[in-house]
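Work through the exercises below with the sequence and the model open beside you, and try each task before reading its solution.

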Amino acid sequence: HKCVAKVKKYLKPFLLSQEKLQEISARLKKNMIQGLGKHTHHKAPVKMLPTFVRATPDGTEKGDFLALDLGGTNFRVLYVRVMEEEQKVLKMDSQICAIPQDIMRGTGEQLFDHIAACLADFLDSQNLKGQTLPLGFTFSFPCEQIEIDKSILIHWTKGFSCSEVEGKDVVKLLRDAIHRRADYDIGSVAMVNDTVGTMMSCGYKDQSCEIGMIIGTGTNACYMEEMKNVKRVEGEDGRMCINTEWGGFGDDGSLEDIQTQFDVVVDKTSINPGIHIFEKMISGMYLGEIVRLLLVKLTEDKLLFKGKTSEALLTPGRFETRFISEIEEQDRGLKNCQNILTELGLKWDSVDVRLVRLVCDTVSIRSAHLCAAALATIVNRIRENRGLDYLKTTVGVDGTVYRKHPNFSDKLQAMVHRLAPNCSITFLVSEDGSGKGAAMVTAVAQRQALSHLLEDSDSDRKEDEEEDK
């Protein structure tokens, strides 16, 4: 019991009260307003990027689309059919293409020629070469979007360093590569952030879906904001989807009061110190490491494993985030925990196993609660934006932490309910946001462009009639 009490002393900084979470939610709200401002956004830690997606699906979308998904060492090409009758988005077929190391570090021209060649192979295999299909392009790197079909790469991440791409429009680079080949063409292109794809893939089934959230390797969210509040884009009417990039919350030091000594080490030893502080307290890339550092400290203080660490436990990255999910399983958790500790070369007894489970539980609950505070900021904002006493809305969610952890989603939902009591939120797990969702973004953009064309020709016709009179 003494041992448990001492361990709890180390875990105390991870326990955030509801009042503290409300305070964090209020800080994020300030940051979001700063990110939306015309003259304040360049300094804002939460970027609030306009996506130029001006509507969610209305259920009338239909047609055949291509989707490209480039976010890591592989990219996918998909052929997607959207059917109005059944409100279904069908993945007709897809193909994964590897991107070799030398291409990841070569020239931009080589990269886009490689993408265009893989797309050509895929169209051949589907007998689609003669058609000019619209394309949704999920490009998961930091971009400044200028229009739905114009997106400038700010900087490469995730091991890419292709020359002559940063500062350039990636849609133009893709089109140029396709034109160099001259054996096929593509129609309109829509650039898609993966959070937006998540929101849109759920939005066809449930038209009240206006928030997308990802809690996986990283974390981010998007939502439908009133145009009049999006100061960086001309126009007052309607709404636009904003990619919050909320992982950057805290990059100005505003979360220092809740960063534990373990969070500080995780940040300092990461590849991007000082960047994406909020993400480092929440997402799958870092949770295992936070737990590992805690276990090392508790062992050094002789509160675990009789004070004996192991080489594996002392190796950064060796305690994987998936271990947390396995250890917290209802039925098999105990056995899983014993197996994992043995695998890590640790000598454990039953108290050690209980304490390790307590550590995992504490770290993942904090993650779920911080995520809940951020989501509460968004739903409360939508409710206030619309002057509603009560908001019913749907969140499209994706990411391994949300999908795989046994009680993450329950903890998240319970806390959002407490932090946003006047909002009723339905959570929908997204079906392939970066594939089907990208096709949906393209379909909605097409539907809107078409209705604008019709409106314009309608007003031209009226003017002609007036002149005739």
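A residue is called buried under 20% relative accessible area, exposed over 50%, and partly exposed in between, with a 1.4 Å probe and protein chains only. The model is predicted, so that local features need pLDDT of at least 70 and side-chain atom pairs count only at pLDDT 80 or more, while totals for chains, interfaces and linings use all residues. Residues are numbered from 1 along each chain as its sequence is written, and side-chain values use heavy atoms, with hydrogens and water left out.

**Exercise 1. Classify Lys 129 and Asp 183 by accessibility, and describe how their side chains meet.**

Step 1: Lys 129 has a relative accessible area of 22%, which makes this residue partly exposed, and Asp 183, at 33%, is partly exposed too.

Step 2: The two side chains form a salt bridge with an N to O distance of 3.1 Å, the term standing for a side-chain nitrogen of Lys or Arg within 4 Å of a carboxyl oxygen of Asp or Glu.

Step 3: Lys 129 lies in the loop between helix H4 (108-125) and strand E5 (135-139), and Asp 183 in the loop between helix H5 (170-181) and strand E8 (189-192), so the pair ties together parts 54 residues apart in sequence. Helices (H or I, at least four residues) and strands (E, at least two) are DSSP runs, numbered from the N terminus.

**Exercise 2. Which helix holds both Glu 23 and Arg 27, and are these residues buried or partly exposed?**

Step 1: Both residues belong to helix H2 (residues 18-36), where they are four residues apart, about one turn of the helix.

Step 2: Glu 23 is partly exposed because its relative accessibility is 37%, whereas Arg 27, at 18%, is buried.

**Exercise 3. Describe how domain 1 and domain 2 meet.**

Step 1: The domain assignment, which is automatic or from a database, gives domain 1 as 1-49 + 208-429 and domain 2 as 63-205 + 432-450.

Step 2: In contact, meaning heavy atoms within 4.5 Å, are 20 residues of domain 1 and 10 residues of domain 2.

Step 3: The domains bury about 1100 Å² between them, 69% of it on carbon and sulfur atoms; buried area is the accessible area (1.4 Å probe) that two parts lose on being put together, summed over both.

Step 4: Cys 209, Ile 214 and Leu 428 supply 31% of the area that domain 1 buries against domain 2, more than any other three residues.
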